[in-house]
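Let's take a friendly look at the charged pairs in this model. The report below walks through them one by one.

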Amino acid sequence: MQQAKATTKAHKKIVLFFLLTRTCNARDKVLILFFRHVPNLESVSFLLLPSLHHHYKTTHSNVVRFSNASSFIHSSVISSITQAKMHHNDHIPVHHARASNPKPLKLNRHHTVRYYVHRVHESLTTRVSKMICATFLGLLFIVGLITFILWLSLRPHRPRFHIHEFNIPGLTQNSGFENAVITFKVSARNSNQNIGIYYESMGGAVFYRDQKIGYTPLLYPFYQEPKNTTEVDGELSGATLTVSSQRWSEFQSDRADGSVVFRLELTSVIRFKISTWDSKRHTMHANCDVGVGPDGSLLTNYKDKRCSVYFS
């Protein structure tokens, strides 16, 4: 009889353990494992977690029927277990493990102090160089801007020369070289708006086939106002004109072909004047290509032709 009761009691514990493990969380399962090995469950029934009875009553009818038949779990204990179970069912304890503070990595220096000093010195040198370059470029930009503004306001121009007359009266004579005369008239214009020109001296030379055949002084020093034109007249004869019989024969040969071409070159030392400021001296050259016909007069296609001007 006692053996049968013990067997029934053991079966009841096994069934209760099975039902509880199907619905309990991990913490309750640990307690159930503990109660499974306790010989007298009534003496430790107060240790059960509160919240099982109501939960099992509503969801597992078998557990309710079995718990009513059980004689070793008190109803008040199961009621408290059920209430605690409902309150704590959705809260899972989370434990945060604090990571140990990592040790600071040791900085491995692969360079010497001299290296870093050199780097600092190089950096300072680079900064100073950049500052000097920036200052120089800034000043250059300012000077260029001022020069450009002055150029726009002044608009400097070179003097302009035009050939109007060039004659050799005795070209029709075969022996005219003995009394050869060359006369010419050139205009010099200052087309600048606010710049005057000082002519310190001026001379005229005549070339034939790149050979100089005469030279004469033309004007004394003078000042030419802006937007002003000066006529320059010249005559070469006698000592200022050197023409041999052979050269005169060449003139006659070209005359037979229709024209004799000469080059008149005017040379002068000039200075530009802007308000109270005078520029340095420049040597000016004005080259005028001229051609005369059989009668020794300037051909129409050369009349009023502009002469090229350059400085040396």
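What follows is a short report on salt bridges and their surroundings.

## About the model

This is a predicted model, in which local features need pLDDT of at least 70, side-chain atom pairs count only at pLDDT 80 or more, and totals for chains, interfaces and linings use all residues. Residues are numbered from 1 along each chain as its sequence is written, and side-chain values use heavy atoms, with hydrogens and water left out.

## How many salt bridges?

Side chains of opposite charge can pair when their charged atoms come close. Here a salt bridge is a side-chain nitrogen of Lys or Arg within 4 Å of a carboxyl oxygen of Asp or Glu. By this rule there are seven salt bridges.

## A linked network

Glu200 pairs with Arg281, with their closest N and O atoms 2.7 Å apart. Glu200 sits in strand 3 (residues 195–208) and Arg281 in the loop between strand 8 (277–278) and strand 9 (282–292), 81 residues apart. (Strands are DSSP runs of E, at least two residues, and helices are runs of H or I, at least four, numbered from the N terminus.)

Both residues belong to a salt-bridge network that also includes Arg271 and Asp278. Glu200 is partly exposed at 24% relative accessibility, while Arg281 is exposed at 56%; buried means under 20% relative accessible area, exposed over 50%, and partly exposed in between (1.4 Å probe, protein chains only).

Asp254 bridges to Arg209 at 3.2 Å between the closest N and O atoms. Asp254 lies in helix 7 (residues 245–257) and Arg209 in the loop between strand 3 and strand 4 (211–219), so the pair ties together parts 45 residues apart in sequence. Asp254 is buried, at 14% relative accessible area.

Glu265 forms a salt bridge with Arg263, the closest N and O atoms lying 3.4 Å apart. Glu265 is buried as well, at 13%.
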